[in-house]
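Reader: I'm new to this one and would like to go through a few of its helices with you. Could you show it to me before we start?

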Amino acid sequence: MGCGTSISTEPRGRAMETEEASSPATPSPALTMKAAILIQGWYRRYMARLEMRRRYTWSIFQSIEYAGEQDQLQLSSFFSFMLDNFTHLNGSGPDLISQLLDPVVDPWLGRETTCYELIPVAESYSGPRISFPLSVSHTNGLVNAFKEHQTLHARYALQLLWETKKLLKQMPNIVHMSTSYAKEITVCGDLHGHLDDLLLIFYKNGLPSAETPYVFNGDFVDRGKQSTEVVLILFAYLLLYPNHMHLNRGNHEDHIMNLRYGFTKEVMQKYKTHGREILQLFQDVFSLLPIATVIDSKVLIVHGGISDQTDLDFLNSIERQKVKSALRLPRRSLEEPDVSRPYKQTHGPRPGSSHSRRQRPGAQTKRKRHRGLSRQDSGGSSSSSSSSSSSSLCSSRTPSCLSPRPCSSPPPPTVPFSVDGLQVPFLDSLASLPPPSPPRVEREWKQMVDVLWSDPKPQDGCTPNTFRGGGCYYGPDVTQRLLRHHGYQLLIRSHECKQEGYEICHGGNVITIFSASNYYEEGSNRGAYVKLGQDLLPRFYQYQVSRTTRKLTLTQRVRAAESSALRALQEKLFSHRSELLTGFLPFDHNNTGFVSVSEWAQVLEAVLRLDLPWRTLRPHLARLAPDGSVEYLSCFDYMGPGLHLPQVTPNLAETLVRYRTDLELIFNIIDKDHSGLISLDEFRHTWRLFSGHLGVALDDGAIDALARSIDFNKDGSIDFTEFLEAFRVVHKLDKDH
């Protein structure tokens, strides 16, 4: 038995040894931990690099957006210049620009030209039909029609605007709401013509009603392609529920901003026959929108923010309809010394002043309209010109955005002061006088600018908003002081795109809410809205409208947004090519074409002023030599003009590329019949005004040669759509394909 037992156990032991040999060895705990740490470190580095790419992509988008707003301020000063110097063409003159930029009709008065009753509605019209007073079925039908991409008839659009205007006349500057009538109040931020975002908000949160009150905090229009539909829906619900639907004015509810950012063009394309009447009525309605909303006497809602000079009691007393545009100071109502004429330098530059500029052509002409001081030409780069012209919107408390001071500091007497959004040196006859105290109309305008354009900052104090060119940067102390003074506990504002759709700052006292998702690029940001109950505790709801983003990984989304941002930045580099090359020359004494990385980054920031991490972006923008220096000409290898015209000099081509958007606006204004054609004389005259205003050195021969070169069929007119396409910056890889 013993032997048998011994024999029987021996093969069992061999089998166990065979199984152990064939099974994988169990790793030691130390080795497992090392592998986990290695994978974790790799993942963290990967996510850190991805986050870095996401952040600089965001910085590029935001910097270029704000630079465009500074360009808009410069363009608005050109419009003022154009009004005073435009000779009448074809016997009619620039009627649209004069009506939009220099209205003489008070929106409180009726306009016979907007008599919608005389506009017939054809039987073949298949779009939405509405009647007044509006009913729930009318508003729902309007929403459904816009979902199907139908257009509201001009008669109904004018009537809707007319009824909205009548309602807004009865509303105060600051509207008060209470949570006692509803469980929650929903606050939405910028929509910017994103109809899909508005419809998604209504789907998730419910349509406006007595049970679901809303506050929409400005910037309903511009940038997006369905601004008309968005704003008409909001106005319709405002008429249906005037006590439960409230709309604050934003900085884009401004007819001059609309000229550049798309709303004017959209309206004229959708309403070719009655577009002018609709635009003028929109202008009236926008100027009548309330400035702020207060919930339960505890929560203040404004579009941009505040400054250390913000006076809510004063804001509540102003005639808001007079501030038709925050980009133009309203005409003075008080008699003051006539300093509206251009500065004439008769005794040489003022000692210590760097602001004496050459006089513009035609500046001796006596102006028929009193508009305050006129901006002088900049002899420097257009970039510096843009910053200079926009600085006045920072505040009259500081005349230059390049040397910010506290908002409450008065300007010294040796520098120009700002009136009408423009700047010139003091006249000799007034040099010994202190700046006059601003009249009420100017105080009203400044208060509106601060409320519509300002942004919060983490540091205490109040300084000019040099990045945007308008309003102020206000710190936590400024916020705390205003909230304490009025007994408020929270400030809700919009005006800035945030990646998550919202942001909390100033120790929880300020909330930024932004409701347009995919604002810069598909997948670039979420939208959000905030709900306040009777406890006034904010609850945030995020979303993202996209048909493709959900299918993409995080890496793919970041890569797509990064690619779009880098292309926009490369276009910016190309359009400032000559300035950049001039900036590189002092660092490249031997004309080698190479500079150090620090010198390359220094020049880019000095010329473009975008406040970007240039060293981080260098691999995407320029090549390195083996010795580590930057081949700065490679910055321009990625982009090129859409069409090469041998008659056009490189400097002129670059100027046309840079101001392509501005020229498109001006040409659309001149093209009154929307044929896409303007005469050679109109083209020459407008371009001379534009180049003279900007201080761009172009002789008449170059302009005439350009005009002849783009008159392809020699019929005496220019198809400026083809012209602008010729000077569109394109990626060279796109051209090759």
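Reader: Let me start with α5: how many of its residues are buried?

Author: Keeping in mind that this is a predicted model, α5 is mostly covered, with 13 of its 16 residues buried.

Reader: And how far does α5 reach from its first C-alpha to its last?

Author: Helix α5, which runs over residues 154-169, reaches 22 Å, and that is close to the 22 Å expected at 1.5 Å a residue.

Reader: At what angle do α5 and α7 pack?

Author: The angle between α5 and helix α7 (residues 227-240) is about 55 degrees, and their axes are 10 Å apart. That makes α5 oblique to α7, and the crossing of the two is left-handed.

Reader: Which residues make that contact?

Author: On the α5 side they are Leu160, Leu161, Glu163, Thr164, Leu167 and Leu168, while α7 contributes Leu232, Phe235, Ala236, Leu238 and Leu239. Sorted by class, the contact of α5 with α7 has nine nonpolar residues, one polar and one charged.

Reader: Switching topic, how do α9 and α10 cross, left-handed or right-handed?

Author: The crossing of α9 and α10 is right-handed. The axes of α9 (residues 263-270) and α10 (residues 275-288) come within 8 Å and cross at roughly 140 degrees, and the two helices are therefore oblique to each other.

Reader: What residues make the contact there?

Author: From α9 they are Phe263, Thr264, Val267 and Met268, and from α10 they are Gly275, Arg276, Ile278, Leu279, Phe282 and Phe286. By class, the contact of α9 with α10 has seven nonpolar, two polar and one charged residues.

Terms used: Residues numbered from 1 in each chain as written. Predicted model: local features only at pLDDT ≥ 70, side-chain atom pairs only at ≥ 80, totals over all residues. Heavy atoms only, no water. Axes fitted to C-alpha atoms, helices over the stretch in contact; angles between N-to-C directions. Helix = DSSP H or I, 4+ residues; strand = E, 2+ residues; numbered from the N terminus. Parallel < 35°, antiparallel > 145°, perpendicular 65-115°, else oblique. Left-handed = near helix turned anticlockwise from the far one by under 90°. Contact = heavy atoms within 4.5 Å. Nonpolar A, V, L, I, M, F, W, Y, C, P; charged D, E, K, R; others polar. Expected span 1.5 Å × (residues − 1). Buried < 20%, exposed > 50% of the residue type's maximum accessible area, 1.4 Å probe, protein only.
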